[in-house]
Every structure is written in structure tokens, then in C-alpha cells.
Amino acid sequence: MGTYVYGIIRASHSPLRQDVQGIGDPPRPVRVLSEGELAAIVSDAPEELRPKRRDLLAHQRVLDEAGAGGVVLPMRFGSASPDDDTVTTVLAERAEDFLERLRALDGTAEYNIKANHDEEAVIRLIMADHDDIRSLAEANREAGGGTQEQKIQLGEMIAAAVQAREATDAGLLQQALEPMAEAVSAGPQSSGWLANLSFLVDSGAAERFLTAVEEFRQANPHLELRVNGPLPPYSFVETSSPQQAEGGTAEAFGAAAAKPNG
């Protein structure tokens, strides 16, 4: 049995509630390991750990509880060490990096925004904006649907236009919200969304940021936006020091899976 790591906090962080439950079935009690100016929020690790919804939510709840009492460096789901001593050793070895990140992220939260097209709405836009596609569609319709070759040609033209529109809309989304954020991090391109962006937002600017999101939504009704936040700053934990370049903060504890919010 190893030590599961939820996040890193300052040693002076407000105490966690006694009834906070960690991952596992039954849930493992959460405890704090201190080392110098730092501390790690941990529990015993289950024998087998898979990204089940129950455990993902438990990981998230522990970090939410910790975040309510001050800045926390969240670890990705699945971060674990062989034992408590290894955790405190990593805290000691990387103290400077962790403290720098805690200072940089203090008073901030992550907002993740995923965007996709409303298919019918974006097709209407493409028909309105592309004379060649509109003309071919009208010609096919007047010809009773057109030949198989014409149908394929129309489909390929629409697909190319949609793909170009996805790139344009992803750029517009980032340009609209980036000025209200401290930093931006792009999620994996293969996530199935035309945009998967995480914004690091100062807590004092959160309302202004969310207002900007709503204004962008209203100005672009062909886009479907999913906003998730405030979250612990999962996407902004990594440091840029040479030491960290060999392995990120979460990787220091053997992170295995994606962050809970996907």
C-alpha cells in the first residue's frame, strides 16, 4: 500500500475538516504530511486505483476543501508515492519550486471552457458565407439531389469549411477571454472539442471573466460552451525550472491519469 497524494499546501495552511474523506472503498482518511514550509494532503492508496467516478469526485472534494482554506497545488488523479517518507523527501527536494508555484497561484482559480458547434447553426453560417458551397447545394437540389459525385463534392466542401470555422472560433474564444486571465492553457487537441481551454483567473476578476464568457456566448450562438470552475489550478501547476523539465509537479508523485475535470 502506497501513499496517495491529493495536493501540496503551505504548512501554515488552514487545517482541513476532520470528516473529509478520500478515495477508495471504504474511503481512506485524509491526513497531512508536513516538511519545512510545505505539506502534502495524502491518504493511504488503495491496492487498485482506477479512474472511477466515485474516486474522481472524492479527489475533487478533497482539493475543493483544501482550496477553501488557501492556495493548493492540485495533483492529478492517480498521483502516488511508495510511502510517506518518499512524499516528504520530494517536498524537501523541490521546496523552492513548490513555494514559487504556491506564490504564483495564490488567489487564483482555474476555469475550463470547452466549446463545440451547434451543427445546424454552423451549417447555416457556412451557407451564408460561402457562395460556392451555397451555389452547389442549390444546383444539387434543383437536380433532384445531384449525382453521387456532386453529393460527395458538396460534403467535402462543407467538411472543409466546418474545420476552418472550428479553428477560427477556437481562436476567437481565446482572444476574447485571454485579457481577463493571468494565463491560458490549451487542453489536448484530440479531446473531441473544437476548443478546450483553461484560464487562470484572479479571484477578484472572476465575475468579470464570467461576464465576458456570457457575452461571448450571446455573440456566437452557433457555439455551445461548457464552463467548469472555479477549480483548483490543475493546468498551471507545472514549473519551468530545469529540474521540473524532467518531470512535472504531479509526475514527482507518479501521476497516472488525467485531472478530474477532464
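Me: What makes up the buried part of helix α3?
Reply: In α3, which spans residues 95-105, the buried residues are Asp-97, Phe-98, Leu-99, Arg-101, Leu-102 and Leu-105, where buried means under 20% relative accessible area, exposed over 50% and partly exposed in between, with a 1.4 Å probe and protein chains only. Helices (H or I, at least four residues) and strands (E, at least two) are DSSP runs, numbered from the N terminus. This is a predicted model, in which local features need pLDDT of at least 70, side-chain atom pairs count only at pLDDT 80 or more, and totals for chains, interfaces and linings use all residues. Residues are numbered from 1 along each chain as its sequence is written, and side-chain values use heavy atoms, with hydrogens and water left out.

Me: Why does Thr-211 count as partly exposed?
Reply: Thr-211, which lies in helix α7 (residues 206-219), counts as partly exposed because its relative accessibility is 39%.

Me: How do you know what the side chain of Thr-211 reaches?
Reply: The side chain of Thr-211 comes to 2.9 Å from the backbone oxygen of Glu-207.

Me: What makes β7 and β9 the edge strands?
Reply: The open sheet holds four strands in the order β7-β8-β6-β9, with antiparallel pairing, and β7 (183-186) and β9 (223-231) each pair on one side only; two strands pair if DSSP finds at least two bridges between them.

Me: How do you know that strands β6 and β8 pair?
Reply: Strand β6 (residues 108-117) and strand β8 (residues 195-202) share eight bridges in the antiparallel sense, and Thr-108 stands opposite Asp-202 in β8.

Technical notes: A polar contact is a pair of N or O atoms within 3.5 Å; within protein, one must be able to donate a hydrogen and the other to accept it, and residues adjacent in sequence count only if both atoms are side-chain atoms.
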